[in-house]
Structures are given as C-alpha cells and as structure tokens.
Amino acid sequence: MQHQAKQSYSGNDPLWRIERMAAENAVVMFSMSSCCMCHAVKRLFCGMGVNPTVYELDEDPRGKEIEKALMRLMGSSSPVVPAVFIGGKLVGSMDRVMASHINGSLVPLLKDAGALWL
C-alpha cells in the first residue's frame, strides 16, 4: 500500500483492517453493490479468469468507516470505489485499473500476485 510509514494499528483501526483484508488474497476489491464502475472492474477481472475477493461496503456494518479510510489512503474527497489491491498493494480506482490493463501492466501484476496463470 502507499502509506508505508511504520505505524501500529489497533484491530479497530480501519486502515489496519484494510491492510489486513488486502493482504489476505491476491486481488481484493472494495466495492458498492450498486456501483456500475465496480461492476465493470469485476467483469474485467472475471473475463480475465481472475476471481477477486470483493468487500461490498454498503453491505458491511463498518463500511462507512472503511470507505472514509480508503478516501484518506487514496487522497480523495470523492467516492473511492472500486478500490483495488493486487498482491496487497493499492492499485487504485477504476481509472488506474483500466489504464494498467490498456498499457499492459495489469497482467504482470496479476501474475506476480498469483492471481493469474497464463
């Protein structure tokens, strides 16, 4: 993730939770179930044969606090979903994922994370 400062987070700290959740699987996506951009990124991954772990923030009782932490993490004051992590590292929102796909850097990222075998 981009904030590599050595901090000790508590189990209730949303940044700690995001870090832990992002590290648990090769591809992790924070989403809103009704978000069309989130749906497009899910379809992209599924079309590539990648099965992302998706956390629907609108279905999580702590979703709002996770969303606020993602906004801080991504340096944004506007909604940040989808927020995609590959190999535990923040890739970004839909624009960054699609740009990586177009410029050819997404597949190597997915391979390095163990999410894609070609």
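In the predicted model, Arg17 is a residue of helix α1. Its relative accessible area is 11%, below the 20% limit, and Arg17 is therefore classed as buried. The C-alpha atom of Arg17 lies 8.1 Å from that of Ile66, although 49 residues separate the two in sequence.

Arg17 and Ile66 both belong to the contact between helices α1 and α3. Helix α1 spans residues 14-24 and helix α3 residues 63-74; their axes approach within 9 Å and cross at roughly 85 degrees. This angle falls between 65 and 115 degrees, so α1 is roughly perpendicular to α3. On the α1 side the contact involves Pro14, Leu15, Arg17 and Ile18, and on the α3 side Glu65, Ile66, Ala69, Leu70, Arg72 and Leu73. Sorted by class, the contact of α1 with α3 comprises seven nonpolar and three charged residues, with no polar residue.

The crossing of α2 and α4 is left-handed. Helix α2 contributes Met37, Ala40, Val41, Leu44, Phe45 and Met48 to the contact, while α4 contributes Met94, Val97, Met98 and His101. Nine of the residues in the contact of α2 with α4 are nonpolar and one is polar; none is charged.

The aromatic side chains were examined next. With ring centres required to lie within 6.5 Å, two aromatic pairs are counted. In one of them, the ring centres of Phe30 and Tyr55 are 5.5 Å apart and the planes meet at 25 degrees, so the pair is stacked. Phe30 lies in strand β1 (residues 27-31) and Tyr55 in strand β2 (residues 53-56), and the pair thus links parts of the chain 25 residues apart. Phe30 also pairs with Phe85 in an edge-to-face arrangement, with 5.8 Å between the centres and 80 degrees between the planes. Since Phe30 is in β1 and Phe85 is in strand β3 (residues 83-86), this pair ties together parts that are 55 residues apart in sequence. Phe30, Tyr55 and Phe85 are joined by these ring pairs into a cluster. Phe30 has a relative accessibility of 0% and therefore counts as buried. Phe85, also at 0% relative accessibility, is likewise buried.

One peptide bond is noted for its geometry. Most peptide bonds are trans. The bond from Val81 to Pro82, however, is cis, with omega near 0 degrees. Pro82 is located in the loop between α3 and β3.

For the protein chain as a whole, five helices and four strands are assigned. Their order from the N terminus is α-β-α-β-α-β-β-α-α. The chain has 118 residues, of which 43% count as buried. Among contacts with a separation of 6 or more, 61% are between residues 24 or more positions apart.

Definitions and conventions: Residues numbered from 1 in each chain as written. Predicted model: local features only at pLDDT ≥ 70, side-chain atom pairs only at ≥ 80, totals over all residues. Heavy atoms only, no water. Phe/Tyr/Trp six-rings, centres within 6.5 Å; stacked < 30°, edge-to-face > 60°. Helix = DSSP H or I, 4+ residues; strand = E, 2+ residues; numbered from the N terminus. Buried < 20%, exposed > 50% of the residue type's maximum accessible area, 1.4 Å probe, protein only. Left-handed = near helix turned anticlockwise from the far one by under 90°. Contact = heavy atoms within 4.5 Å. Nonpolar A, V, L, I, M, F, W, Y, C, P; charged D, E, K, R; others polar. Axes fitted to C-alpha atoms, helices over the stretch in contact; angles between N-to-C directions. Parallel < 35°, antiparallel > 145°, perpendicular 65-115°, else oblique.
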